[in-house]
Amino acid sequence: MTDSLVYFYYFISYNHILPKTEGDVRLVNGNDVNQGRVEIFQNNTWGSVCDTDWDSNDAQVTCRQLGLPHAGAMAVTGGRFGEGTGPIWLSELQCNGTEDALVDCAKSTDWQSNDCEHVHDAGVVCSGKLTLIFPEKIHF
Ligand SMILES: [Ca+2]
């Protein structure tokens with residue numbers, strides 16, 4: 001399949017059909033389906049991840065969990081994909097980059113035990129294809 005077909009399949013399956021389970025992740029408000037604000041499903045509610053300690057290892061795991069290209073995954077900080085409105089479930093994630101899911105990563109704080117604010121919502125860009133990024137919305 002071409003990349004766009006893969007992304008289309010991802011978009012349909014992950015965002016609209018498959019039931020949500022604890023620890024699922026999704027990307028919100030990106031310019032393409034391979035990027036966006038990271039939200040994780042916990043306690044039947046989608047919530048954000050704080051950008052404290054958010055780095056490329058954490059981004060790689062997010063992309064791998066979604067079945068998206070992860071080798072050149074980039075961590076996006078500072079709520080650049082917009083600010084969420086739900087709980088801020090996770091902060092200070094310490095992924096080593098090889099985990100299959102964000103919930104498998106070590107973290108310095110427990111679920112929702114942080115004083116983070118949505119202006120610090122974390123995001124990812126799951127491929128190194130910089131042409132997919134709209135530069136007016138992301139500034140590294
Ligand atoms: Ca980290």
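Predicted model: local features only at pLDDT ≥ 70, side-chain atom pairs only at ≥ 80, totals over all residues.
Residues are numbered from 1 along each chain as its sequence is written. Local features need pLDDT of at least 70 and side-chain atom pairs count only at pLDDT 80 or more, while totals for chains, interfaces and linings use all residues.

Visitor: Why is helix H2 described as largely enclosed by the rest of the structure?

Guide: Helices (H or I, at least four residues) and strands (E, at least two) are DSSP runs, numbered from the N terminus. A residue is buried if 20 or more other C-beta atoms, placed from the backbone, lie within 10 Å of its own, exposed if 12 or fewer, and partly exposed in between. H2 spans residues 56-65 and is largely enclosed because the buried residues number eight of the ten.

Visitor: Which residues touch the most other members of the largest nonpolar core?

Guide: A nonpolar core is a set of buried Ala, Val, Leu, Ile, Met, Phe, Trp, Tyr and Cys residues joined through C-beta atoms within 7 Å. The largest one has 29 residues, and those touching the most other members are Val-49 and Val-124.

Visitor: Which elements give two or more residues to this core?

Guide: Nonpolar side chains tend to be buried together in soluble globular proteins. Here the elements giving two or more residues are S1, S2, H2, S4, strand S5 (88-90) and S8.

Visitor: Is Leu-68 buried or exposed?

Guide: Leu-68 is placed in the loop between H2 and S4. Since 22 other C-beta atoms lie within 10 Å, Leu-68 is buried.
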